[in-house]
Amino acid sequence: MNALTRRRLLTTGTAAVAGAAGLAAAARIAEKYGLIPPDHKGLYGPGETLTYACQRVFTLNRPIREFPRSMISTPFVSPFGKLPPAYHASQAHNFADWRIAVDGFVTHPLSLSIADLRALAVRSQITEIACEEGWSYIAEWIGTPLSLVLREAGVKPEARYVAYFSIQDGLWDSLDLPEANHPGTLLTWGMNGGDLPVDYGAPLRIRVPRQIGYKSVKFLTRITVTDSLKRFGETFSSSNPTDRYAWYAGI
Ligand SMILES: Nc1nc2c(c(=O)[nH]1)N[C@H]1C(S)=C(S)[C@@H](COP(=O)(O)O)O[C@H]1N2
Ligand SMILES: [Mo]
């Protein structure tokens with residue numbers, strides 16, 4: 001992004017926070033620069049567009065919030081739905097046959113094992129996961145940056161979003177490409193020095209430390225790069241079918 005574009009974006013954000021006077025202009029510029037979230041409900045008035053536009057403008061390059069090892073806390077076992085027979089079959093083989101498919105708007109579709117991910121890159125980060133219901137915990141997450149996987153797959157220029165799917169029926173969520181490519185967005189296969197336990201999404205979950213817990217989908221089997229989330233229905237994720245959950249859930 002060149003300096004002029006950046007200044008324009010900053011102006012957009014400033015206008016957005018300045019209130020109603022700058023709103024119409026801000027919304028027009030936000031649309032032009034791709035700052036409208038997919039779940040916006042009209043440009044004028046809704047909080048979603050302004051929140052998203054401001055977050056995009058002001059926090060895109062903000063690093064993830066990391067913690068010292070001494071602050072690792074007891075993980076919360078959050079309830080999750082039933083896992084299908086295919087999951088337990090793979091579990092019986094220690095997930096050696098687990099594959100994550102990377103498809104959609106890419107030049108090289110991939111099918112990667114956990115070993116393949118490990119061979120690509122190993123990163124560790126100590127971050128907090130926070131649920132919209134109020135609880136949170138801090139853990140060490142070990143994995144491979146999604147950005148490196150996307151680079152291997154070769155994202156096509158028309159692409160704008162990444163949708164990712166759990167082996168659990170109908171469970172999925174999505175990110176825009178800037179968030180997907182953020183160095184803190186991790187395809188996680190390890191936790192607190194060991195393998196990722198089943199309760200926390202074994203063998204593979206995505207960790208999106210800059211957004212609230214429901215974006216960190218467990219038991220991942222597929223990542224699809226896309227130009228539009230409308231290809232997957234009207235909700236942009238499985239977490240906001242009733243509009244109770246925002247698609248962009250920055251913390
Ligand atoms: N596959 C799957 N992923 C999921 C969920 C789920 O039920 N199934 N719950 C989400 C929600 S709402 C939260 S807050 C976090 C909880 O993460 P934890 O189990 O590590 O506490 O996982 C998210 N990922
Ligand atoms: Mo949650």
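Student: At its relative accessibility, does Arg222 count as buried or as partly exposed?

Tutor: The model is a predicted one, and the values below are computed from it. Arg222 counts as partly exposed, because its relative accessibility is 33% and the band for that class runs between 20% and 50%. The side chain of Arg222 meets that of Asp103 in a salt bridge, with 3.2 Å from N to O. This pair links distant parts of the chain: Asp103 belongs to strand E1 (residues 100-104) and Arg222 to strand E10 (residues 220-226), 119 residues apart. Asp103 is likewise partly exposed, at 22% relative accessibility.

A second salt bridge joins the side chains of Arg118 and Asp195, at 3.5 Å from N to O. Here too the pair links distant parts of the chain, with Arg118 in helix H5 (residues 114-120) and Asp195 in strand E8 (residues 194-195), 77 residues apart. Arg118 has a relative accessible area of 39% and is therefore partly exposed, whereas Asp195, with 57%, is exposed.

A further salt bridge is formed by the side chains of Asp227 and Arg231, at 2.6 Å from N to O. In this pair Asp227 is partly exposed, with a relative accessible area of 24%, while Arg231 counts as exposed because its relative accessibility is 54%.

How values were computed
Residues numbered from 1 in each chain as written. Chains lettered and ligands numbered in written order. Predicted model: local features only at pLDDT ≥ 70, side-chain atom pairs only at ≥ 80, totals over all residues. Heavy atoms only, no water. Salt bridge = Lys/Arg side-chain N within 4 Å of Asp/Glu carboxyl O. Helix = DSSP H or I, 4+ residues; strand = E, 2+ residues; numbered from the N terminus. Buried < 20%, exposed > 50% of the residue type's maximum accessible area, 1.4 Å probe, protein only.
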